[in-house]
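User: Could you take me through this structure? I would like to begin with the sheet and then turn to the chain contact.

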Amino acid sequence: MKKVLVLLLLAALSLSLTNCQRGGEPAGGGRQRIALVMKTANNPFFIEMQKGAEEAAKRLNVELVVQAAEREVDVEKQMQIVENLIQTRVAALCVTPSGSREIVPAIDKANKANIPVVIVDTRVDAKALSESGGKVATFIGSDNYEGGKIAGEFLAKKLGGKGKVAVLEGIPGHETGDSRLRGFREALKATPGVEIVASQTANWERDQGFNVFQNILQSHPDVQAVFACSDLMALGAVEAIASAKKTGQITVVGFDATSEARGAITDGKMEASVAQSPAQMGALAVENAVKLLKGEQVNAEFVVPIKLITKENAGQ
Amino acid sequence: MRARGIELRRDFFSHYARQLGTLSGLLGLVLVLWALTPHFLTVSNLLNVAEQAAIIAIVAVGMTFVIITGGIDLSVGSVLAFAGVVMAEALHKDVPLPVALAVALGTGLFCGLVNGALITLGRLPPFIATLGMMSVARGTALMFTEGRPVSGFSGGFRSLATGEVFGIPVSVIIMVGVYVVAHLVLTRTKLGRYTYAIGGNEEAALLSGVNVRVYKAAVYGISGMLSGLAAVILTARLNSAQPIAGMMYELDAIAATVIGGTSLLGGEGTVVGTLIGALIMAVLRNGLNILGVSSFVQQVVIGSVIIAAVLIDMWLKRRAG
C-alpha cells in the first residue's frame with residue numbers, strides 16, 4: 001500500500017517536471033486569460049462589477065477568470081488567490097484590494113512574474129507601494145472622497161443647514177470607507193449648524209447597520225439624518241427606522257446606489273445614494289488589461305464619474 | 001504507569017497506520033488536480049501551497065494539543081491578531097528583532113495561559129473560556145490600534161516570510177520545525193504522554209498523580225504561543241498587522257486537526273495527521289483557485305471534504321477497532 005503510494009507520488013512528480021517545461025501556453029483555445037480578483041463575490045457592488053467585466057471580456061474575446069475571498073476583509077485569502085493565479089500564468093491581473101497596504105506584497109509577486117496589474121475601486125497605499133518598488137499599470141475607480149463630499153453637501157442642503165446627523169462607518173482602516181467619511185466630514189464643515197452626533201462602524205454589514213443605528217436611535221432619538229458609507233449599512237438603518245416607526249422622519253443617504261437602494265429611494269424610504277458605476281469599472285478594467293497586453297499605452301488613472309441618485313433619477 | 005506507556009505506544013503505531021488513510025486522501029487530491037490542470041503539480045506551485053498552508057498549520061499544532069486533552073481553543077484567531085498588532089507596535093518603536101518576536105510569542109503565551117487558568121482554576125468549560133477570550137483578545141487588538149492596521153516593516157523582519165533558504169520559503173521551514181518539535185514533545189516527553197492521558201481519562205490521570213491543572217494550562221499556553229508565532233509569519237507576509245486578522249482561523253485549524261484524525265472527544269490524535277489535514281485544506285483551496293472555481297462552490301467543496309474525511313476516518317477506526 002505504502003510503496004504503491006510512494007511510486008505514484010514519484011511518477012506524478014517526475015511528470016510535473018515536464019509540465020514545468022511545457023507550461024506557459026495560453027489556455028482556452030489561444031485566447032488570452034485575464035483575472036479579476038474582487039474583494040468578495042457576494043456584495044451587490046461587486047456582482048455588478050463582475051457583470052461589467054464579463055461583458056467586456058466577451059466583447060473583446062478574452063477569457064476572464066473571476067475570483068474572490070469569502071469575506072471582504074480577508075487580505076490573506078486575497079493574497080493566496082493572487083499567488084495561485086500567478087501560478088496559472090494569467091496574462092493580466094485586475095484586483096480590487098481588500099487592504100490598500102496589505103495588497104502590496106501580492107503586487108510585488110505579480111511584478112516579479114511580469115504580469116501587469118490593474119487596480120480597481122480601492123487605491124493602493126502610495127507610500128507602501130513606493131517603499132516596495134512595486135508597479136501598478138493603471139488605477140480605475142471613482143473618487144470616494146468626492147462621493148462623500150457630494151453626500152455631505154446634499155444632506156446639509158436637505159436639512160436646511162441645521163440638524164443632527166449620525167454616520168455609519170465602514171471597517172476602520174479601510175481606504176474606501178475612510179475617504180468617503182473624510183469627504184463627508186469636509187462637506188459638513190461648511191455648515192456648522194449640521195452636527196454629527198454619532199459616528200459608529202457597522203463593518204459594511206447590513207445586520208450591523210440595523211443594530212448600530214437602532215442603538216444610535218436609543219441614545220439620540222432626535223437624530224434627523226444618517227449617512228451610511230455603503231448601501232448595505234444604509235438599508236440596515238432603513239429597517240431600524242421602520243421598526244422604530246420613524247419611516248419618513250429620518251433622512252437616509254447611502255453609497256453605491258445598488259438596485260435595492262434605488263428601490264428604497266423610489267419608495268421614499270431612502271433619500272439618496274451616491275452612484276459609483278461598478279459595472280463600468282469592471283468593463284474598463286478588462287478593456288485596459290487587453291490594451292496593456294497588446295503593448296498599448298494606458299492612462300495611469302481612470303476616474304469613473306460619480307453622481308447622486310435621488311427620487312428623480314432612481315429609475316434610470 | 002509503565003504498562004500504560006507501552007499501551008499508548010502501541011496506540012501510536014495503529015495511528016500511523018490510520019494516517020495512511022488521510023495521506024492517501026491528500027495524494028488522491030494531488031493526482032486529481034494534476035490530471036485536471038498543468039499548473040498544479042509544479043515545484044513552484046507546491047512551494048506556494050506549503051507557504052499558504054504554513055500559518056493555519058502552525059495554529060493547528062496548538063489546536064491538536066488542546067483537542068487531544070479533550071478541549072477546544074476558539075481564541076486562536078483573535079490571539080493571533082492581538083499578538084500581531086502588539087508586535088507590530090513594538091517593531092515600530094524600533095525594538096530589536098528578537099525582542100519583537102519574544103513580544104509576539106509572549107503575548108500569545110499570556111493569552112493562552114489565561115485560557116488555561118480560566119479552565120483549570122475557574123473550572124470553565126474550554127468552549128466558554130476560549131469563546132470569551134476570542135472576543136476579549138479581538139476587542140483589545142482593536143482598541144490597541146484604534147481599528148487601524150499597523151504596517152510597514154524592515155526587510156529583515158519581512159524575510160521571516162518572504163526569505164528563502166535553498167529555494168524553500170522561510171515560513172515553510174519554520175512550519176516544519178514546529179511540527180518536528182511538536183511531534184517529539186507529543187511522543188517522547190512527559191508533557192506529551194500526559195496530554196493523551198488527560199484526554200483519555202482525566203479522572204484516571206489525576207488519580208495516577210498527574211498534575212492535571214498544570215499540564216492542561218500548559219497546553220493552552222502552547223496553543224496561544226503558536227498563535228503568536230503564526231502572527232509573526234502573517235505580519236511579515238502581508239507587511240501589515242491587522243486587528244481584524246485571523247478571523248475564522250479557529251475553524252480552519254479545527255478542520256485541519258479533525259481531518260488529520262484527531263478525535264474531538266480527546267485522547268487520540270497526532271500532529272503528523274494535522275499537518276496532512278492542513279495540507280489537504282491548502283491544496284484544495286489552491287487547486288480550486290487554479291481551476292477557476294467560483295468562491296461559492298469552493299465553500300461547498302471544502303465543507304464536503306471535511307465531512308467526508310471524518311466519515312472515512314471513523315469508518316476505518318470502527319473497522320480497525
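Predicted model: local features only at pLDDT ≥ 70, side-chain atom pairs only at ≥ 80, totals over all residues.

User: In what order do the six strands of the open sheet in chain A run?

Analyst: The order is β7-β6-β8-β9-β10-β12 in chain A, with mixed pairing. Strands pair if DSSP finds at least two bridges between them; strands (E, at least two residues) and helices (H or I, at least four) are DSSP runs numbered from the N terminus.

User: Which strands stand at the edges?

Analyst: β7 (194-201) and β12 (307-309) of chain A do; each has a single partner strand, so one side of each lacks a neighbour in the sheet.

User: How do β8 and β9 of chain A run?

Analyst: They run parallel, joined by three bridges. In β9(A), A:T251 is the bridge partner of A:A225.

User: Now the chain contact: how many residues does it take from chain A and from chain B?

Analyst: It takes 38 from chain A and 36 from chain B, contact meaning C-beta atoms, placed from the backbone, within 7 Å.

User: Which element of chain A gives the most?

Analyst: α3(A) does, with nine residues.

Terms used:
Residues numbered from 1 in each chain as written. Chains lettered and ligands numbered in written order. Contact = placed C-beta atoms within 7 Å.
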